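Hi there,

Here is the structure I promised to pass on. My notes on a few of its helices and strands follow below.

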Amino acid sequence: MSHDELRVIQAGVASFFGRPMATLETLGSARCAIAGIPWDEGNAGRNGANYGPRSFRDVSSWFFGYNAEGDFDLWDEFPTVDIGDIPIMPPNAQKTMELIEEHIHAVRMKGVFPLSIGGNHALAIGAARGAARTVKKMGYLSIDAHLDTADDWAGERLTSGCPTMRAAEISNVDPKNVVVFGVHGWLNPRDQVESAARMGISWFGGAAIDRQGLKESLAEAIAIASDGVDGLYVSFDLDSIDASAMPGTGTPEPGGFTPKEALYIARELGRANPIAADIVELAPVYDLSGISSRMACAVAMELLSGVAGR
Ligand SMILES: [Mn+2]
């Protein structure tokens, strides 16, 4: 075992999974660049997701790249760097979305897989736009307890209740390829059900997933989002996971996916060969045990393992 592998977990400067820091200019042979997006404006739920990337970096130091069950080392097979935080501008959502869009586009143009760690779900608006510019036709699959198909919130269109709708409006995204998986609870207003139907956005409810079976319904959701596209964007809202395992989020929802289900979903999302992904809504201030940050890191490991072909 190398000295690096024996590092003291709590020592040193925390980067995502202890991976080397890089910039757009020093990506080298990296295949994945993880960016923090500490954005939490335009949020209708509890605030705190702006601290998500910091907590994620800290807790991710506990994760090895080696997977005993699969006998592979993720970092050997899928060289990954920490590309720092996108410089968000709290007073200006429009400008921030443009910065996120340009970052995701630039990483994609280097042939590198961009993973964004939030931050609230609004960041997916900029990230999906940046990814869409790199393909002819893109699909968008969101794992979420909430539809997020609001046209606006009090007139504002770049809020955490809007990312699904904004994705469906991208010029080279057909709303028929926009899917939300895991919708449940009592925070999905009727007007968002209606706007989803009007746009042709499809969604899978939690109870329907249970009846159909997770494996089958997730495969169907991926097939709908991927049908006829040459690139799939995946957005993983951590509030899709049951509140017992994910208290550290803006709108914790009882009745969500179990940790095992969430990790299965994350691996399958990666295997669907997405062009970019995000993991959003980690709000560590509500996460006294640290379990939510660990869950978020485990979701990332499964997703990246899937992208790496594992
Ligand atoms: Mn959401």
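Helix α8 passes helix α9 in a right-handed crossing (right-handed if the near helix is turned clockwise from the far one by less than a right angle, left-handed if anticlockwise). Leu214, Leu218 and Ile222 of α8 meet Glu261, Tyr264, Ile265 and Glu268 of α9, with contact taken as C-beta atoms, placed from the backbone, within 7 Å. That set divides into five nonpolar, no polar and two charged residues (nonpolar: Ala, Val, Leu, Ile, Met, Phe, Trp, Tyr, Cys and Pro; charged: Asp, Glu, Lys and Arg; polar: the others, Gly among them).

Please keep in mind that this is a predicted model, where local features need pLDDT of at least 70 and side-chain atom pairs 80 or more, while totals for chains, interfaces and linings use all residues. Residues are numbered from 1 along each chain as its sequence is written.

β10 runs parallel to β5 (residues 113-118), joined by three bridges, and Ser116 stands opposite Asp278. Strand β9 (residues 231-237) also pairs with β10 in the parallel sense, over five bridges; pairing takes at least two DSSP bridges. Here Val234 has Ala277 as its bridge partner.

Best wishes

Terms used
Helix = DSSP H or I, 4+ residues; strand = E, 2+ residues; numbered from the N terminus. Contact = placed C-beta atoms within 7 Å.
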